[in-house]
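Here are my notes on the model you sent. Please read them with the structure open.

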Amino acid sequence: MLDRPRTVLSPDHEMFRTSVRRFVESELVPHALAWDEAGIVPREAWLKAGEAGLLCCDVAPDYGGPGGDFGHCAVVTEELARANLSGPGFVVHSDMVATYLAKFGSEAQKRRWLPGMVDGSLIGAIAMTEPDAGSDLKGMRTRAVADGDHYVIRGQKTYISNGQNADIVITACKTDANAGAHGVSLIVIETKTPGFRRGRNLAKIGMKAQDTSELFFDEVRVPMENRLGAEGQGFGMLMTNLARERLVQAVRGTVLAEEAIRWTIDYTRDRKAFGRTIADFQNTRFVLAELATKTAAARALTDRLIGLQMDGTLDPVEAGMAKLFCTDLQCEVLDRCLQLFGGAGYMVETPIARAWADARVTRIAGGAAEVMKEIIGRRLFQDAAR
Ligand SMILES: Cc1cc2nc3c(=O)[nH]c(=O)nc-3n(C[C@H](O)[C@H](O)[C@H](O)COP(=O)(O)OP(=O)(O)OC[C@H]3O[C@@H](n4cnc5c(N)ncnc54)[C@H](O)[C@@H]3O)c2cc1C
């Protein structure tokens, strides 16, 4: 039932999936445990992925891209999830950073940065979160002060994915400290610029191969031409693009829920206790039946929203709903399936153990579950007041 053909993706997307899967299995999966231990994926893997066409799939040929659509990007997300990889951070690079540049960048900015992002020679990160401003981004303190035709940036960010590897960091800065959300601008910092410093590669409980860093800006002088869009428009850009990020998290969560159910069916068919297989216990079948039913609902929701994103009509509130539902479900499925593995499910070499640890962040990063509820709840009351 979980294998019913999907209609949102075309035969072209499915052909692309075949080549992505081949690349993932041969070039990424064999290194997964070593990269988890190292806490980072080496640049060579990024370059190979670029060569194989896995990066920035929807960037136009004018900027070196393959000219695909969101469906191609979704295929990459799905295949990385299917292989249970905790890194590399291709999704942040392609679905977030490249999307900001493609959507809000000037012609010169697109020509300067996108070709390198497509071929993997230029790795991207996006820095919003600060030690004292996460969910409440308006409270950010990183300042960009105008000085001639440059900004001087002072401040600090934390929990930044790809922070160790990044060559460019789209950095959310206050260009007007008194204008609240209207005082935020997005400025691209090239990491070779004097005054830019990376802190530690932070040790995490999951998603270990995707490096995560503190970043420090000590009087970093950046030309004003590195600002995306007009001054003060950064917050609006973040809100627009976060919808795509949230959908991508929902897509990944759905695939991992599907995979965990498969792994659990395989395991419980073989493992025996009390003279029968674990699958022979009615509890096992009931648990898996409940989880498969909810996962089918998640698949229907995410596929619908993939279609809307391809049409350019994804609503941020719907994306928030998908993120809330699918990441909660991802955590529920992984936890309840892990239980059916018994002690084996607690061992790091078991895929379900790694997937369980990786899942936890999805209810926090990209907007906590509670923030999704706020966004959805606010819309419900706005609509009711109309
Ligand atoms: C592995 C990882 C990778 C990340 N990658 C990036 C990245 O690449 N770039 C980036 O900018 N950031 C990144 N983040 C940061 C992430 O987006 C933030 O952690 C997240 O937005 C929550 O912010 P916070 O950690 O400051 O939590 P806080 O804002 O301190 O919130 C703590 C908790 O309070 C509750 N809460 C918060 N607001 C509300 C509310 N309105 N109503 C009810 N309850 C609420 C929630 O339970 C929330 O989890 C990453 C984080 C992690 C863990």
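**Notes on helix packing, domains and ligand shell**

1. Start with helix 7 (residues 234-270) and helix 9 (residues 316-341), which pack at an angle of about 25° with their axes 7 Å apart. Axes are lines fitted to C-alpha atoms, for helices over the stretch in contact, and angles run from 0 to 180 degrees between N-to-C directions. That makes helix 7 roughly parallel to helix 9. Angles under 35 degrees count as roughly parallel, over 145 as roughly antiparallel, 65 to 115 as roughly perpendicular and the rest as oblique. The crossing of helix 7 and helix 9 is left-handed; that is, the near helix is turned anticlockwise from the far one by less than a right angle. The contact of helix 7 with helix 9 has 20 nonpolar, eight polar and two charged residues. Ala, Val, Leu, Ile, Met, Phe, Trp, Tyr, Cys and Pro count as nonpolar, Asp, Glu, Lys and Arg as charged, and the others, Gly among them, as polar.

2. A word on the basis. This is a predicted model, in which local features need pLDDT of at least 70 and side-chain atom pairs count only at pLDDT 80 or more, while totals for chains, interfaces and linings use all residues. Residues are numbered from 1 along each chain as its sequence is written. Helices (H or I, at least four residues) and strands (E, at least two) are DSSP runs, numbered from the N terminus.

3. The chain is divided into domain 1 (11-122), domain 2 (126-231) and domain 3 (235-385). These bounds come from an automatic or database domain assignment. The C-alpha centres of domain 1 and domain 3 lie 22 Å apart. Across that pair, 16 residues of domain 1 are in contact with 17 residues of domain 3 (C-beta atoms, placed from the backbone, within 7 Å). On the domain 1 side, helix 4 (70-82) and helix 5 (90-104) are the elements that give two or more residues. Helix 4 gives the most, with seven residues. By class, this side has seven nonpolar, five polar and four charged residues.

4. Which residues of helix 8 does helix 4 meet? Phe70, Gly71 and Ala74 in helix 4 meet Ile306, Gln309 and Met310 in helix 8. The contact has four nonpolar, two polar and no charged residues. Helix 4 and helix 8 (residues 282-311) pack at an angle of about 140°, with axes 9 Å apart. Helix 4 is therefore oblique to helix 8.

5. Helix 4 also packs on helix 5, at an angle of about 160° and with axes 11 Å apart. The two are therefore roughly antiparallel, and their crossing is left-handed. Cys73, Val76, Thr77 and Leu80 in helix 4 meet Phe90, Val91, Ser94 and Asp95 in helix 5. Five of the residues in this contact are nonpolar, two polar and one charged. Check the loop between these helices, where Pro88 is found. The peptide bond from Gly87 to Pro88 is cis, with omega near 5°.

6. Now the ligand. It is surrounded by 22 residues, the closest being Met128, Gly134, Ser135, Ser161 and Glu370 (a residue is near if its C-beta atom, placed from the backbone, lies within 6 Å). Strand 1 (124-127), strand 3 (150-161) and helix 11 (369-385) each supply at least two residues of the shell. The shell has twelve nonpolar, seven polar and three charged residues. Domain 2 and domain 3 both give residues to the shell, so the ligand lies between them.

7. One backbone point remains. Glu219, in strand 7 (residues 212-223), has phi near 55°, a positive value in a residue other than glycine.

Key
Two residues are in contact if their C-beta atoms, placed from the backbone, lie within 7 Å.
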